[in-house]
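Please read them with the sequence and the structure open beside you.

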Amino acid sequence: MRKVKVRLRPIVNRINLPTVLKTAILPGDSMERLFIATQVGEIFYIGNGEIRTFLDIRPRIIKLGVSGGGYDERGLLGLAFHPEFYNNGLFYLHYSAAGTQGPGALSESFNPDPCDPKTLNLRWTNRDTQYDHMDTVEEWILPSNGQPQIRRTLLNLRRPFFNHNGFNSLNFSPETGKLVLSTGDGGSGYDPFNLSQDEMEIAGKIIEIDVVKHTSIYHPPVVTRFNELPVPIQETLTVIAKGVRNIPGISFQRYYNQYIKYAGNVGQHLVESIFSFVHYKPIPVTQLVQASLTESEPDQEGFINFGWRGWEGPFPSSIIRDCPANPNLDEKTMAYYNEAIETSVRRIQPLTSYFHKDPRPDKFGGTALTGVQPYMGKGIPALTGSVVFTDLARKEESETPAKGVLAYTRVRLDGKLNDFSIIETDYNFGSQSAYYVNLGTNLDQTRLYLGVYGSMKVTDFNQGTIFEIESSYV
């Protein structure tokens, strides 16, 4: 694969951390607008060359950046417009709710020890009191000649830790017409309670929500497991995938009369991975609950499993330790041998992976995958039909201050693992850090938008710029 060079054209600056970049046509409008959702709870759109406020839910968002030195992974996580938004004004939000701060599920940081079974079989107990916060998924409406207002709550989810909540977490499936919610594994590191592989846990899954079914339910309980939900809510849910660590949403690429689905899984220490699949068989939550009650195994043929926590992309999950006698080397010990064996056959292989350390001259060392989008436009011919992805910040020592990176890959016709290549950019960020925090596209996937931020602290305001990615020959 060859390198591609693109131009980054600034659209708007002084934006807080952008978590979602999407386009929609407002009811009564005739132009597709770019919407920008920020982690702190603002939603803007670009109209007539000006940035305008669509919705401000900052009072509804949990207080961010209190711990962790200003770094936070909570906040406004997802925004999705109903496929009939132009006609019905419906849109959906996923965010960490104000006033729900808890002490967390563990009193100290977690690291698995293969020699200590206690660290490999932890359980999340006392969930009513030992949690970090609550995430909520809501349906909102933009009435004609009015301000956006909430209609109902779809889910209330209690989360064990502050991180791995999913981001860009809401998207509508063009295949099923359902709302797709992607949830992270609950956080900390190494998925301490193995929530991502437990079919009954809501964490670590890709879930479809039928938003036209049982619409009279307005106040669902706060839960962590599917069997805690009332049956009418269970009946609105199907599960597409498990084994998710943390995921920047799911995207769909039309290929003749079917869709290729793309989902990236953020890695632990070794590798970032992008998965693709066409055929899948989601499992209704009612079926999962019934299997749990009868202590039977649900039919998992066609069910997607990304492999976490036993696998980090294409590799068994590993603990990495320095080698004191040789600082140029490190020791990698398999963290969860039994789980790697159990999931080795059922998991799907990544489309491509890139490493946190990569000595090859035409590659890069990554930090965290932050966006995956197919590109179907013709404005950048070298990228047409490819899958573009972005990483938060390159790890090369020469990249100081921090700079993100764009890259791309393609689906191979034989279904095998493919390589990737860097996309070079022409923009000079100077001496400022430039973390690539989000990648977005328009409705027909002919334009790409990049969110860049100057800091990784949510408490450092107004350091963001939104770019459109264009051909370098423009």
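**Notes on selected side chains**

1. The side chains of R7 and E470 come together in a salt bridge, with a distance of 2.5 Å from N to O. Please keep in mind here, and in every point below, that this is a predicted model. Because R7 belongs to strand β1 (residues 4-15) and E470 to strand β31 (residues 464-471), the pair ties together parts that are 463 residues apart in sequence. R7 counts as partly exposed, its relative accessibility being 26%, whereas E470, at 13%, counts as buried, because the cut-off for buried is under 20% relative accessible area.

2. A salt bridge is also formed by R447 and E468, whose closest N and O atoms are 2.7 Å apart. This pair, too, links distant parts of the chain, since R447 sits in the loop between β29 (435-441) and β30 (448-453) while E468 is in strand β31, 21 residues apart. R447 is partly exposed, with a relative accessible area of 41%, but E468 counts as buried at 5% relative accessibility. Through salt bridges that share partners, R7, R9, R447, E468 and E470 are joined into one network.

3. The structure as a whole holds 27 salt bridges, and one further pair deserves a look: the side chains of R33 and D29 meet at 2.8 Å, N to O, in a salt bridge. In this pair both residues, R33 and D29, are buried.

4. Where does Q39 lie, and is the residue buried or exposed? Q39 is found in the loop between β3 (32-38) and β4 (42-47), and with a relative accessible area of 8% this residue is buried. The Q39 side chain reaches the backbone oxygen of D72 at a distance of 3.0 Å.

5. Y255 lies in strand β15, which covers residues 250-255, and is partly exposed, with a relative accessible area of 38%.

Methods. Residues are numbered from 1 along each chain as its sequence is written. This is a predicted model: local features need pLDDT of at least 70, side-chain atom pairs count only at pLDDT 80 or more; totals for chains, interfaces and linings use all residues. Side-chain values use heavy atoms; hydrogens and water are left out. Helices (H or I, at least four residues) and strands (E, at least two) are DSSP runs, numbered from the N terminus. Buried means under 20% relative accessible area, exposed over 50%, partly exposed in between (1.4 Å probe, protein chains only). A polar contact is a pair of N or O atoms within 3.5 Å; within protein, one must be able to donate a hydrogen and the other to accept it, and residues adjacent in sequence count only if both atoms are side-chain atoms. A salt bridge is a side-chain nitrogen of Lys or Arg within 4 Å of a carboxyl oxygen of Asp or Glu.
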